[in-house]
Amino acid sequence: MIPELGHFTLILALAVAFVQAIIPGMGFLRRRADWMAVAKPAALLQFALVLSAYGILTYSFIVNDFSVLYAANTSNSELPLIYRISGVWGAHEGSLLLWVLILSTWTAILAMQSKKYPVDMSAGVISVLGFISIGFILFSLFTSNPFLRHFPAPVDGGDLNPLLQDPVMAIHPPMLYMGYVGFAIPFAFAIAALVQGKLDTAWARWVRPWALIAWVSLTAGITLGSWWAYYELGWGGWWFWDPVENASFMPWLTGTALIHSLAVTEKRHALRNWTVLLAIISFSLSLLGTFLVRSGVLTSVHAFASDPTRGVFILVFLGLVVGISLGLFAYRAWQLRTITPFSFVSREMALLTNSVFLLIIMLTVLLGTLYPLILEALGGGKISVGPPYFSRVFIPLMIPVVILMAIGPFIRWRQDSVSTLTKQLRLPAILAVIFASVISLLLPGKLNLTAWFALLLAFWVFNSCYTQLKLRLRNTQSLQKGLKRIPRGWYGMIIAHIGIAFTVVGIALSSVYSQEQDVHMVSGDDRTLGDYRFEFVDVERKKGPNYQADVGTIQVYKNDKQLMTLHPEKRIYNVRKNMMTEAAINTNLLRDLYVSLGEQRNTETGAWSVRLYYKPFILWIWLGGFVMILGGLIAVTDKRYRIEVKQENIKLDDKYVATS
Amino acid sequence: MTPRKKRITIVCAIIAGMGIAATLILTAFEKNLLYFYSPTQIMNGEAPKERSFRIGGLVLENSVKKNPESLEISFILTDTVNQIEVSYEGILPDLFREGQGIVANGKLFPNNVFIAEQVLAKHDENYMPPEVAQALQEAGAEMPENHIPPQ
């Protein structure tokens with residue numbers, strides 16, 4: 001009975017989504033206040049209904065109601081409570097419902113804050129979000145209903161994939177979805193602005209915090225996912241240019257371009273149609289990402305064919321969203337041409353160049369991700385694009401972005417001169433060369449040009465941030481007052497840029513100086529990587545709560561002093577009989593020691609295959625991600641985003657203005 | 001420079017830059033394309049000799065041979081009609097086992113042994129790599145009973 005209630009609530013939510021999409025939308029077009037007034041209550045009601053549907057599904061998981069097909073497939077009564085709750089988004093149907101829940105949550109938050117926006121704008125935005133919600137609820141109800149039952153109910157469920165039984169993996173999908181769905185809001189604002197044919201600097205100020213929140217969530221989702229892959233998959237990789245990863249990385253790239261382009265639109269009223277286009281692209285890529293990953297199209301066109309209804313629905317919805325929004329853009333963009341001129345050497349130009357680069361990088365990733373699918377769909381044979389393609393293209397295109405990142409904030413709006421810039425940037429540049437050279441000499445291992453160059457880039461960014469802070473504090477009496485006067489948005493930018501510098505250091509140094517050995521070891525064997533000597537002691541069988549494990553013991557020595565004991569595990573989970581590699585990792589800021597077990601190679605000698613990795617500075621990759629998140633969060637709290645709008649100035653059709 | 005000339009210079013620079021970028025991207029792209037061949041296609045001599053490619057099929061039962069002293073391993077990959085010997089040195093994925101569908105990247109050597117640089121098995125034991133499924137179908141094999149199409 002209870003799951004049916006959930007199903008019913010979701011249907012009601014669909015009905016409310018129709019109301020939320022159509023009535024405020026008509027009000028927005030006809031400028032009728034009474035119709036627009038429906039937006040807020042409809043958004044809140046839809047949120048309440050979707051939340052109850054989601055809550056009911058979670059309840060089925062908590063009480064182990066395996067008559068619900070979805071719960072039977074993805075949960076198990078032996079599963080700890082926390083993973084029964086996170087297991088709700090452990091597979092397709094539930095994660096789609098989570099998508100809908102996050103969308104309605106963002107919409108409800110926006111509706112609650114509607115005083116910040118003119119009444120017509122918020123009605124328009126909520127209406128667009130309503131249309132997106134209709135699409136997703138229909139998708140859920142017709143192709144991926146999580147409330148379906150089957151009788152007789154199995155005694156126990158099929159269990160959650162053990163790879164997903166991990167705290168980071170529990171929060172990774174919601175973060176990613178918050179990012180994907182977050183870009184729906186800049187998109188909705190863009191559509192509303194296109195329909196109105198009017199877009200002012202206030203518009204950019206409304207959109208910026210939403211774009212930032214989406215960007216922060218997506219950054220968090222990607223960082224957590226990469227970190228998880230590193231420690232959980234057991235072979236020490238952290239980014240594979242896998243289609244699933246690319247699907248989340250593409251909206252991140254254009255989302256990054258969007259938050260920068262929005263800055264230009266807000267400060268200078270320029271690049272308006274470019275900003276709108278980036279908002280449309282970011283959300284379209286988010287849709288592409290969710291759908292491709294969730295429909296299984298990415299693994300193969302044939303997997304797609306295995307469930308044609310989902311695939312067709314996806315393509316139609318994606319086509320509608322992209323088609324309508326780009327059509328509207330083509331029809332209206334000329335009204336949003338840039339009126340404010342800027343010269344070749346100006347901050348506008350720097351930001352535009354950066355976002356063009358980010359867009360090109362996105363296109364190269366898109367090419368590598370979609371080309372195999374398109375070729376296969378056209379009957380051109382089966383191919384895949386090797387990861388070297390991505391790194392070979394990504395790195396050279398990213399270098400100018402990082403270089404410009406340090407210069408951009410120095411350039412004045414509208415026009416600046418190259419000579420002033422050179423004067424300001426000379427010292428940071430010289431210092432960057434010195435610092436990078438000193439650090440590369442201090443690093444263990446041979447001097448390496450790639451490492452030196454990466455350090456140069458990182459210090460270039462860091463020094464430029466420091467110099468800007470000094471410039472900002474030039475004319476203040478006291479340090480404290482000066483620091484307080486700087487807006488939070490500026491701090492956010494500086495911190496996020498430093499985060500990029502961290503990640504650059506982590507990527508370059510870990511890939512240059514890592515030492516990896518896959519070895520065959522018997523008790524007493526040892527290997528040396530860097531300054532560390534790994535001695536293989538033994539492997540013992542132990543019992544875990546819902547698995548059996550072979551637990552290895554490896555002693556690590558440095559300069560013949562025993563440093564630590566590592567215990568990598570090989571687990572077999574009881575229900576699905578999945579084998580899992582649990583690496584043993586010792587982390588600090590300078591290096592990771594990473595040990596994982598392969599398989600038993602010889603039962604007589606007790607030999608095992610073992611992976612031994614020494615990875616310097618790898619932690620910096622994710623540290624940089626977390627610093628970027630921090631920067632984004634600080635920028636969101638900037639006080640200019642809290643300004644409320646005077647509603648009296650909005651022209652509406654007088655006949656229908658609500659009397660209240 | 002007049003503004004007009006300046007604009008033309010900028011546009012030319014952008015076009016030149018994009019042209020160079022596009023050339024580099026497409027060269028890198030072409031170099032890193034991995035084509036897929038089934039054991040039958042390889043036996044028919046369709047697979048390239050110099051270039052890396054992907055191969056897929058089922059690991060033949062009782063064909064896995066491990067060197068007890070090192071990480072060398074060899075096994076036979078089959079699409080149920082033709083077979084290819086695959087040799088690999090390293091640690092295999094957790095889901096590698098006999099009877100399982102796998103995909104490997106590597107090169108074919110003149111003695112018709114495929115030297116794998118990487119062996120991939122998916123994270124679900126019921127999952128069959130789609131390339132493998134199709135290769136089996138084309139070879140005219142009955143689908144194994146445990147095959148559940150991926151979601």
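1. Helices and strands are DSSP runs, numbered from the N terminus. The model discussed here is predicted. In chain B, Pro93(B) is found in the loop that lies between strand 5 (83–89) and strand 6 (101–108).

2. Is Pro93(B) buried, exposed or partly exposed? Its relative accessible area is 23%, so Pro93(B) is partly exposed. Setting aside neighbours within four places in sequence, Pro93(B) is in contact with Val119(B), Leu120(B) and Ala121(B). The C-alpha atoms of Pro93(B) and Ala133(B) are separated by 19 Å, the two residues being 40 residues apart along the chain.

3. In chain A, the axes of helix 10 (residues 201–232) and helix 21 (residues 619–636) come within 9 Å and cross at roughly 165°. Angles over 145 degrees count as roughly antiparallel, and helix 10 of chain A and helix 21 of chain A are therefore roughly antiparallel to each other. Helix 10 of chain A passes helix 21 of chain A in a left-handed crossing.

4. Residues that make this contact include Trp215(A), Thr219(A) and Trp227(A) of helix 10 of chain A, and Trp622(A), Phe626(A) and Gly632(A) of helix 21 of chain A. By class, the contact has 16 nonpolar, 5 polar and no charged residues.

5. The largest nonpolar core has 181 residues, and those with the most contacts inside it include Phe189(A) and Trp203(A). Helix 10 of chain A supplies the largest share of this core, 14 residues. Another core, of 22 residues, lies apart from it, with Phe53(B) and Phe96(B) among its members.

6. Leaving aside neighbours within four places in sequence, Phe189(A) is in contact with residues including Leu110(A), Met121(A), Trp203(A) and Trp210(A).

Note on methods: Residues are numbered from 1 along each chain as its sequence is written. Chains are lettered from A and ligands numbered from 1 in the order in which they are written. This is a predicted model: local features need pLDDT of at least 70, side-chain atom pairs count only at pLDDT 80 or more; totals for chains, interfaces and linings use all residues. Side-chain values use heavy atoms; hydrogens and water are left out. Axes are lines fitted to C-alpha atoms, for helices over the stretch in contact, and angles run from 0 to 180 degrees between N-to-C directions. Helices (H or I, at least four residues) and strands (E, at least two) are DSSP runs, numbered from the N terminus. Angles under 35 degrees count as roughly parallel, over 145 as roughly antiparallel, 65 to 115 as roughly perpendicular and the rest as oblique. A crossing is left-handed if the near helix is turned anticlockwise from the far one by less than a right angle, and right-handed if clockwise. Contact means heavy atoms within 4.5 Å. Ala, Val, Leu, Ile, Met, Phe, Trp, Tyr, Cys and Pro count as nonpolar, Asp, Glu, Lys and Arg as charged, and the others, Gly among them, as polar. A nonpolar core is a set of buried Ala, Val, Leu, Ile, Met, Phe, Trp, Tyr and Cys residues joined through side-chain atoms within 4.5 Å. Buried means under 20% relative accessible area, exposed over 50%, partly exposed in between (1.4 Å probe, protein chains only).
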